[in-house]
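Biologist: I've just opened this one and I'm new to it. Could you walk me through how to read it?

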Amino acid sequence: MPEENTAVLEFLQTRRSRPAKLLQDPAPDRDALLPILTAAARTPDHGKLEPWRFIVLEKAALARLANAVDQCGRESGRSDEDITKARNQFENSPLCVAVIEVQKPSEKIPPIEQTYSTGAVCLALLNAALASGWGANWLSGWPSHSSEFCSAALGLSENERVAGFIHIGTASAIPPERPRPDIGAITTWLDS
Ligand SMILES: Cc1cc2nc3c(=O)[nH]c(=O)nc-3n(C[C@H](O)[C@H](O)[C@H](O)COP(=O)(O)O)c2cc1C
């Protein structure tokens, strides 16, 4: 029998995000965040293209982004409700890591595989933060899909986009479990 890593397996079978609304200070400092980023970057990446990078949003940057959301939302005709919700996400976050997909030109690796790898980085980052004892939540929201916002507020290039905003801090409460997929319903066993 293979040797089981019981602690890791148990973590993976019980892991649960902490909703961003429950996150408060303290957040990890740079020293505490580095091993989490290191774990996140240890992600399958076909062709070793590294089609991703991190932008760590500390307090002053989060305040600037909240204002940028306001401006961009008004310019693009978003509702007050949409603007406030997105603004609060940044304003109330203890710390946020934007995971940026960086599409690299490649004859061998299709763009979709670079997208998959970036999604995997988001989950690895979320899990590393949770495993380190922090509360964490993967959010998107309309700003992450707005090229105007991403270029003006985050300085993204044309080949870049936000795969996820991973908010990290101290969870004020543990959320109840949510329904999980029925493995029998989503799994097909082929034996011929
Ligand atoms: C790509 C992506 C974007 C998401 N964006 C949001 C969001 O903007 N707002 C939200 O409430 N939840 C969003 N979620 C869902 C949260 O991350 C939610 O906490 C998560 O599904 C809980 O999963 P867990 O309990 O397995 O950790 C998003 C999830 C993914 C994968």
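Modeller: Helices (H or I, at least four residues) and strands (E, at least two) are DSSP runs, numbered from the N terminus. This is a predicted model, where local features need pLDDT of at least 70, side-chain atom pairs count only at pLDDT 80 or more, and totals for chains, interfaces and linings use all residues. Residues are numbered from 1 along each chain as its sequence is written.

Biologist: Which strand gives the most to the shell around the ligand?

Modeller: Strand β4 (residues 135-139) does, with 3 residues. A residue counts as near a molecule if its C-beta atom, placed from the backbone, lies within 6 Å of it. Here the residues around the ligand include Arg 16, Asn 137, Trp 138, Gly 164 and Arg 178.

Biologist: How do the residues of that shell divide by class?

Modeller: Ala, Val, Leu, Ile, Met, Phe, Trp, Tyr, Cys and Pro count as nonpolar, Asp, Glu, Lys and Arg as charged, and the others, Gly among them, as polar. The shell has 3 nonpolar, 5 polar and 2 charged residues.

Biologist: Which residues does UniProt list for "binding site"?

Modeller: UniProt positions use the numbering here, feature names are shortened, and annotations may be inferred rather than shown by experiment. The unreviewed entry lists Arg 15, Arg 16, Ser 17, Arg 42, His 46, Trp 138, Leu 139 and Ser 140. They span 126 residues in sequence, and the farthest two C-alpha atoms are 27.9 Å apart, so they do not all gather at one spot.

Biologist: Where does Ser 140 lie, and what does it touch?

Modeller: Two residues are in contact if their C-beta atoms, placed from the backbone, lie within 7 Å. Ser 140 sits in the loop between β4 and α6 (142-145). Leaving aside neighbours within four places in sequence, Ser 140 contacts Gly 164 and Phe 165.

Biologist: And how do I read two packed helices?

Modeller: They are described by the angle between their axes and the distance between the axes. Axes are lines fitted to C-alpha atoms, for helices over the stretch in contact, and angles run from 0 to 180 degrees between N-to-C directions. Helix α2 (residues 30-41) and helix α5 (residues 111-131) pack at about 145°, with axes 8 Å apart. Ile 36, Ala 39, Ala 40 and Ala 41 in α2 meet Val 121, Ala 124, Leu 125, Ala 128 and Ala 129 in α5. By class, that contact of α2 with α5 has 9 nonpolar, no polar and no charged residues.
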